[in-house]
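Trainee: Could you show me how to read a loop residue and a pocket?

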Amino acid sequence: MELRLARRAVAMAAVLGASVGLTLSTGVSARADDPVVTLQQPAPVAVAPADMTGVAKTAQPYLDFRTTGPLNNQGTLTIDVTQLATIARVTFSDNCTVKHHVATCAEWLWDPDGPNSTVGTATQMTIRALPGAAVGSTAEYTVSGTADGATIVGGRGSVEIGGPAYNQGQAKNLTDVAVGSAVTVPVRFTNIGDRPADSTWVLLTASPGLSFTRHYTNCVYSTNFRSREAQTALCTIPGQVLPGERAAVSPAPRVRVEPSAYYTYLDTEIAPVGDAGIQSQLAGRQWTQGTGGRLTLKVITPGTATDAPSGTVSLPMTGARGDARITSLRADNAADFAVTGDSATAAQGDTVTMNFSMVNNGPATIFYRSGDTIGAEVGLPPGTHVVSTSANCRPATYGKPDGPYDCEGADIVTPAGTVAHFSMTLQVDEVIAGAQGSVSMDWSPDGSYRPPFDPDAANDTAALTLN
């Protein structure tokens with residue numbers, strides 16, 4: 001799930017319950033031809049007192065910038081932690097020198113992805129709570145900078161001592177789930193932090209092939225997500241969650257397994273309202289309010305009252321603990337992938353274009369969450385060499401343009417009905433009667449594996465016949 005919450009509508013801000021952001025400091029005016037490098041608002045961070053268990057004892061804010069133009073500049077960042085030093089000890093990466101709580105850090109500002117991209121920094125700051133720092137205390141730090149041929153616009157960030165920490169129970173993965181069935185996915189968590197939260201966000205993301213069975217009045221819903229067909233629900237549940245409290249989302253989320261399901265997942269994140277990790281995933285979506293019933297929290301084990309103020313900034317957790325879990329559901333379904341070939345005639349020295357394709361005949365959508373894609377391998381007809389290919393084909397081995405070729409047939413999400421078209425323009429070096437190349441599903445490098453969702457191998461290979 002590129003973070004960055006954009007608040008543009010008053011109604012949406014009311015639904016989400018809080019607004020965030022610190023005012024960026026202004027930099028020196030840029031010359032017309034200078035890129036402007038602007039600090040993205042650092043998310044507030046919380047650090048735990050030294051005697052806590054199950055949570056990280058340090059935190060590292062992200063210092064990311066956006067640039068308006070081409071960037072390859074030497075620069076210097078100045079980070080003033082004078083105020084922060086009253087509650088925390090701050091150390092810096094080796095590119096920094098520190099004097100009187102002010103760090104001067106040498107930076108190389110470079111935008112490998114071009115203008116308007118995010119620029120990371122070598123500079124890192126590690127924050128640890130001072131012994132005796134009061135739980136709930138807050139302090140700020142400032143970031144500024146200079147660079148030859150660029151203007152740096154800085155800003156400020158904040159740090160808190162202590163916080164809530166919602167440790168979610170481990171998910172139970174499911175296999176051979178019947179298409180058309182409804183599945184319950186329990187969501188339970190414990191606040192292992194040292195501060196209460198006044199209200200809770202539950203963020204649910206149903207991958208392609210799953211849909212929510214109910215739409216609650218205290219939730220908003222969206223399908224505007226990077227993995228097309230995915231559905232997202234953001235639910236706001238009021239009520240204090242004390243340290244040590246163990247609770248469950250009630251009723252437990254239920255999802256329907258659609259006819260398109262095969263590999264599919266329910267992502268669950270649960271954190272105090274205002275949590276930066278959830279906020280970062282909400283930008284650029286259109287939301288619809290639910291209309292039926294309310295989602296609540298059911299207390300399983302009561303927590304312990306405390307004088308510590310409530311918090312919205314989650315403590316980072318260690319080990320297997322965390323506020324996000326993924327439940328994997330594999331449906332009892334199939335997806336029949338097939339390829340088509342082509343035939344042509346051409347004289348020696350002529351060029352000829354061969355067109356072929358790959359299709360998902362369904363019924364399942366295939367979602368390779370790992371980032372893998374589905375494609376075809378192409379062997380050239382003998383006596384030919386490649387002049388050009390469609391953009392989705394390339395040599396399988398770098399430096400070997402005579403083949404085989406890999407043709408990428410889909411994104412990580414391949415819905416039923418997806419057809420990928422390929423083409424290759426070949427020059428005939430020698431006329432060979434019945435010269436035959438091939439198009440085949442590229443399930444594995446050595447051909448020893450085929451996925452369980454496609455049991456029919458008969459249409460996985462087709463011929464490219466020349467003359």
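Mentor: Start with Gly69, which sits in the loop between strand E4 (65-67) and strand E5 (72-80). Helices (H or I, at least four residues) and strands (E, at least two) are DSSP runs, numbered from the N terminus. This is a predicted model, where local features need pLDDT of at least 70, side-chain atom pairs count only at pLDDT 80 or more, and totals for chains, interfaces and linings use all residues. Residues are numbered from 1 along each chain as its sequence is written, and side-chain values use heavy atoms, with hydrogens and water left out.

Trainee: Is Gly69 buried or exposed?

Mentor: Buried means under 20% relative accessible area, exposed over 50%, partly exposed in between (1.4 Å probe, protein chains only). Gly69 has 7% relative accessibility, so it counts as buried.

Trainee: Which residues is Gly69 in contact with, leaving aside its neighbours within four places in sequence?

Mentor: Contact means heavy atoms within 4.5 Å. Here the partners are Pro35, Asp111 and Pro115. Take Pro35: it is 34 residues from Gly69 along the chain, yet their C-alpha atoms are separated by 4.6 Å.

Trainee: How many helices and strands are there in the protein?

Mentor: You'll find 2 helices and 39 strands.

Trainee: And what share of the residues in the protein is buried?

Mentor: Of the 467 residues, 47% are buried. As for overall dimensions, the C-alpha trace spans about 85 × 60 × 40 Å along its principal axes.

Trainee: Where does the pocket come in?

Mentor: A pocket is an open set of points on a 1 Å grid over the protein atoms alone, where a 1.4 Å probe fits, with protein on both sides within 12 Å along at least five of seven lines; lining residues have an atom within 4 Å of a point. The second largest pocket has 18 lining residues, and Thr373, Ile374, Gly375, Asp442 and Trp443 lie nearest its centre.
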